[in-house]
Amino acid sequence: MSAKKNKELKSNNFIIAISAVVLGLIAGAILILIIGENPFASFRYLVRGALMSVRRTGTTLAITTTLMLVGLSIAFAFKTGLFNIGASGQILAGGLAATTVAFAVDIPHVPLIFLILLTGFIAGAIWGLIPGLLKAFFNVHEVVSTIMMNWIAYWVVFYFVPAFLKGPSLETESAGLPFEKTLRVSWLTELFDGSNYINVGLIVAIIAVIVIKFIMDKTTLGFELKAVGYNRYGAEYAGIRVNRSVVLSMMIAGGLAGLAGVAYYCGYSGKIQIGILPTQGFDGIAVALLGASSPVGVVFSSFFFGILQAGKGFMSGNTLVPPEIADTIIAVIIYFTATSVMFKNFWDKRFKKINEKRNIVQKDSNSIEEDN
Amino acid sequence: MKKFATLLCAMLALGSFVFANGQSESAASSETTLRVGMVTDAGTIDDKSFNQGTWEGIVRAGEDFGFTPKYIKPSGTTEADYLAGVSDLADSGYNMIITPGFKFETTIYKAQDQYPDVKFVLLDGVPHPGDYNVVIRDNTVAVSWAEQESGFVAAVAAALKMPNSKFGFVGGMEIPAVQKFNWGWQQGIKYANENLGTNVSIAQEDCLYSGSFSDVALGQQMAATMFDRGVDVIFAAAGGVGVGVINEGKSQRTSGKDKWVVGVDIDQYADGLMPNGESCILTSAMKYLDRASYDMINDELNDAFPGGTSIVLTAKENGVGIPTENPNLSAEIQAKCDDVYKMMQSGEIVVAAEQLPGLWK
């Protein structure tokens with residue numbers, strides 16, 4: 001008997017995530033079949049649209065960058081027992097602060113990149129600090145306060161951008177940042193065949209993932225934050241300063257979302273728009289769920305959603321699948337990831353049965369051996 | 001067994017992905033076939049405005065010339081999102097891309113260089129990098145309209161319907177396309193007063209720009225204030241804000257007041273319908289978006305694509321005007337408007353596209 005076979009099968013996050021994705025794709029395939037298209041061909045176009053050329057891969061990675069940072073922010077908050085539904089507001093706060101600084105400060109490109117990243121992180125952290133303080137000292141639920149912070153950010157942008165950052169042609173958005181004030185750098189752009197979107201935010205996102213993973217797994221701070229997430233009262237009894245942990249968690253989560261704002265507004269789009277609450281703040285919830293709230297899981301799930309986002313236009317360009325159906329498919333996949341508990345129960349049951357069967361077989365073989 | 005089926009499907013799906021990446025991109029035979037695509041502006045394809053008007057023209061051309069058009073809805077409304085939509089079409093082998101709305105100006109400025117083999121039609125704008133230094137490449141046509149003529153004839157129609165009244169104007173953002181509607185509207189009122197015996201006034205405080213194309217509630221508020229001040233007819237050239245104005249017009253008429261709204265861009269009669277089956281839309285100052293997209297496709301098929309130029313569609317080309325039929329206007333008024341329209345076509349009436357002395361801003 002090999003040791004591998006003796007190992008008990010258990011459902012893990014990877015199997016759950018793959019189940020959600022597969023079921024989502026099957027549901028999408030049924031929709032595509034109803035339209036009268038070939039689902040395999042359509043999905044092929046979807047993936048090709050995201051990855052068929054170096055330039056388009058750059059676009060996909062740029063979309064992934066924002067999702068990764070937002071997903072990381074929400075996953076981090078989940079792990080520490082908080083539901084950060086205010087990532088949209090933190091994205092706006094980070095993006096607005098970074099854009100303002102980028103316009104106002106005249107220094108060389110590389111120091112400027114560090115400066116606007118820092119600014120965005122701090123602004124996002126402040127946007128997370130307020131709900132954190134409210135939660136810690138007045139027990140205001142963070143879902144309520146972060147949603148309200150979303151709208152505060154929305155209206156601040158609405159009035160701030162036309163008043164101070166207005167471009168020459170459009171009333172609804174800021175002037176475009178010149179190339180040497182964005183997160184785009186020429187060597188990355190050239191590496192990706194002149195992609196208009198790829199920026200150093202991607203590197204920042206990957207560093208952020210590593211840092212967060214390190215903090216969570218290897219430091220006392222991470223242990224304390226997680227302990228508060230598992231059981232606030234237990235943690236308090238163990239002598240952990242719960243209030244400090246809650247505030248700190250919200251600040252870090254806010255800061256990460258703020259970085260996403262920098263990557264999106266100073267990297268991907270190069271300008272900030274008014275009257276729009278970035279949907280990435282909510283897509284990030286799906287990214288975090290699919291990634292099982294683990295930093296590494298977020299990397300893969302954000303890349304998956306990046307492919308869907310970047311490829312859907314190409315899919316509808318090549319098939320009869322209208323763009324709205326592409327969005328529906330994405331929504332279905334998000335729906336299945338949100339109900340991942342369902343898959344956990346399903347696989348747990350299946351594996352339990354298999355394990356039981358194996359145990360019986362093993363006992364039988366053992367008894368045969370004994371007989372011999 | 002079920003699990004097995006699921007696994008099988010998963011493997012098939014994954015397999016198709018893997019093989020997909022191995023395949024080489026099949027080159028679209030662009031020499032002979034015309035493939036027309038459109039990228040939508042903010043809002044849906046059936047927005048009863050710019051998107052819908054443009055799309056209807058493309059669909060009509062598709063039926064006449066035998067191709068299947070395609071539209072892409074970008075995931076956002078920034079230049080980056082629009083450019084991604086254009087790339088999706090261009091990379092899929094579409095060789096003619098039509099974009100409605102001035103928001104595409106900077107997008108097309110970049111796209112025309114990035115995809116030199118693709119023909120671009122930019123409706124209601126001119127390509128520039130964001131500072132109005134217009135650059136139109138040979139693969140691009142910029143189409144705009146003489147909005148002032150459209151506003152002019154709408155004003156004449158409204159003045160004939162309500163000869164002794166006060167008019168107002170609600171604009172979206174203060175951009176040339178909207179301002180020209182406003183100035184045409186005021187010139188039309190003046191013309192009707194001088195030549196057709198009406199007595200219509202328009203006060204400075206009743207010529208307003210909302211600064212938005214989407215805030216429905218704001219439009220309703222502005223219209224309510226204006227109607228309360230005694231204004232009888234409001235011309236709403238403001239997209240979504242105009243929807244709010246129309247809503248207020250409906251509620252005014254439902255409560256028995258004789259107030260009207262003049263629509264914009266396309267025939268908005270249906271938008272103003274009330275429960276009693278009547279509409280509060282007196283007439284609409286139209287730009288024939290569908291004709292523009294149809295004509296450009298036609299030109300391209302006849303190898304006469306006017307690349308590198310900027311075209312202004314006026315009454316002469318039947319590019320602007322008011323709907324030929326509206327139950328709220330009598331045949332007599334409609335006939336008089338037709339006369340005025342013909343005089344505009346022949347050049348007898350010239351409507352200025354700028355703020356003449358005596359016109360409100």
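**Exercise 1.** Work out how many residue pairs are in polar contact between chain B and chain A, and which elements of chain B do the touching.

*Solution.* Start with the count: eleven residue pairs are in polar contact between chain B and chain A, both residues at pLDDT 80 or more. (A polar contact is a pair of N or O atoms within 3.5 Å; within protein, one must be able to donate a hydrogen and the other to accept it, and residues adjacent in sequence count only if both atoms are side-chain atoms.) Next, the elements: on the side of chain B that touches chain A, α1 (2-22), β2 (70-72) and α3 (79-91) each supply at least two residues. Of that side, α1(B) gives the largest share, ten residues.

This is a predicted model, so local features need pLDDT of at least 70, side-chain atom pairs need 80 or more, and totals for chains, interfaces and linings use all residues. Residues are numbered from 1 along each chain, chains are lettered from A as written, and side-chain values use heavy atoms, without hydrogens or water.

**Exercise 2.** Find the number of salt bridges between chain B and chain A, then describe the one made by E79(B).

*Solution.* The tally is three (Lys or Arg side-chain nitrogen within 4 Å of an Asp or Glu carboxyl oxygen) between chain B and chain A. E79(B) pairs with K271(A), and their closest N and O atoms sit 3.7 Å apart.

**Exercise 3.** Say how much area chain B and chain A bury between them.

*Solution.* Together they bury about 3,600 Å² (accessible area lost on being put together, 1.4 Å probe, summed over both), with 57% of that on carbon and sulfur atoms.

Note on methods
Buried area is the accessible area (1.4 Å probe) that two parts lose on being put together, summed over both. Helices (H or I, at least four residues) and strands (E, at least two) are DSSP runs, numbered from the N terminus.
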